[in-house]
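The sequence and structure are shown first.

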Amino acid sequence: MLSGRFSQRQREALRFFLVSLAGLVIDIAVAWALIALANMTDSVAAVAGFSVATLANYLGHQLWTFGDGQSRVSAARFLAFSVVVLVSLGVRLLALGMLGPLLPGSGLNAPLRLGLAAMVSFSVTFLLSKYLVFRRAQ
């Protein structure tokens, strides 16, 4: 479906976005369910949701985004991906800190700040994932 219209890099970027979007849904759904059904605190539920989503994202990227049919799930690669996700979180927080003075307030500027920071961290995550975590043997 994607092979005729897009380059390999564009297909990977689109797949990366779709897997990441699914991961976000999983993250929020798990956290929300734990809060609503298990009476967990927000912070514990958020960590659990983030952790489940990180695993789901790793599997999606390994098997679909960057998968070539020959690569296998690996604990070392999952650990590397987890480090990338944490670096990405740091990049997002740094971007938010830099954007705060430029776009202050809690009105319409807040979603703009959050969206811009997410775009920056998404780009970092994609590049680190593609070239460090899921790189193919040369």
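Helices here are DSSP runs of type H or I with at least four residues, numbered from the N terminus. By that assignment, A110 belongs to helix α4. The model is a predicted one.

**Helix α4**

Helix α4 covers residues 109-133, and its 25 residues should span 36 Å at 1.5 Å a residue; the C-alpha atoms at its ends are 34 Å apart, which agrees. The buried residues of α4 are A110, R113, A117, S121, T125, F126, S129, K130 and V133. These buried positions pack against α1 (8-38) and α3 (75-102).

Three of these residues can be described further. A110 has a relative accessible area of 15% and is therefore buried, because the cut-off for burial is under 20%. Beyond residues up to four places away in sequence, S129 touches F16, F66, F81, V84, F134 and R135. F126, with its neighbours within four places in sequence set aside, is in contact with R9, E12, A13, F16 and F66.

**Helix α1**

For α1, the 31 residues should span 45 Å at 1.5 Å a residue, and the end C-alpha atoms are 43 Å apart, which agrees. R11, E12, F16, V19, S20, G23, D27 and A31 are buried in this helix. The packing partners of the buried α1 residues are α2 (42-65) and α4. Just after α1, N39 adopts a positive phi of about 55°.

**Nonpolar core**

Which residues make up the largest nonpolar core? The core consists of nine residues: F16, Y58, F66, F81, V84, V85, F126, V133 and F134. Two or more residues come from each of α3 and α4, and α3 provides the largest share, three residues.

Y58, a core residue, lies in helix α2. Its relative accessible area of 1% means that Y58 is buried. Leaving out neighbours within four places in sequence, Y58 contacts R72, V73, S74, R77, F78, F81 and F134. Between Y58 and G23, which are 35 residues apart along the chain, the C-alpha separation is 9.4 Å.

**Nonpolar surface patch**

A nonpolar patch on the surface is formed by F6, L14, F17, L18, L21, L24, I28, W32 and W64, which together have about 870 Å² of accessible area. Helix α1 gives the most to this patch, with seven residues. I28, one of the patch residues, is found in α1. Is I28 buried, partly exposed or exposed? At 47% relative accessibility, I28 counts as partly exposed, because that class lies between the limits of 20% and 50%.

**Relative accessibility of selected residues**

The table collects the individual values discussed above.

| Residue | Relative accessible area | Class |
|---|---|---|
| Y58 | 1% | buried |
| A110 | 15% | buried |
| I28 | 47% | partly exposed |

Conventions:
Residues are numbered from 1 along each chain as its sequence is written. This is a predicted model: local features need pLDDT of at least 70, side-chain atom pairs count only at pLDDT 80 or more; totals for chains, interfaces and linings use all residues. Side-chain values use heavy atoms; hydrogens and water are left out. The expected span of a helix is 1.5 Å times one less than its number of residues. Buried means under 20% relative accessible area, exposed over 50%, partly exposed in between (1.4 Å probe, protein chains only). Contact means heavy atoms within 4.5 Å. Patches are made of residues with over 30% relative accessible area and no salt bridge: like charges are joined within 9 Å, nonpolar side chains (Val, Leu, Ile, Met, Phe, Trp, Tyr) within 5 Å. Accessible areas come from the Shrake-Rupley method with a 1.4 Å probe; for residues, only the protein chains shown count as cover. A salt bridge is a side-chain nitrogen of Lys or Arg within 4 Å of a carboxyl oxygen of Asp or Glu. A nonpolar core is a set of buried Ala, Val, Leu, Ile, Met, Phe, Trp, Tyr and Cys residues joined through side-chain atoms within 4.5 Å.
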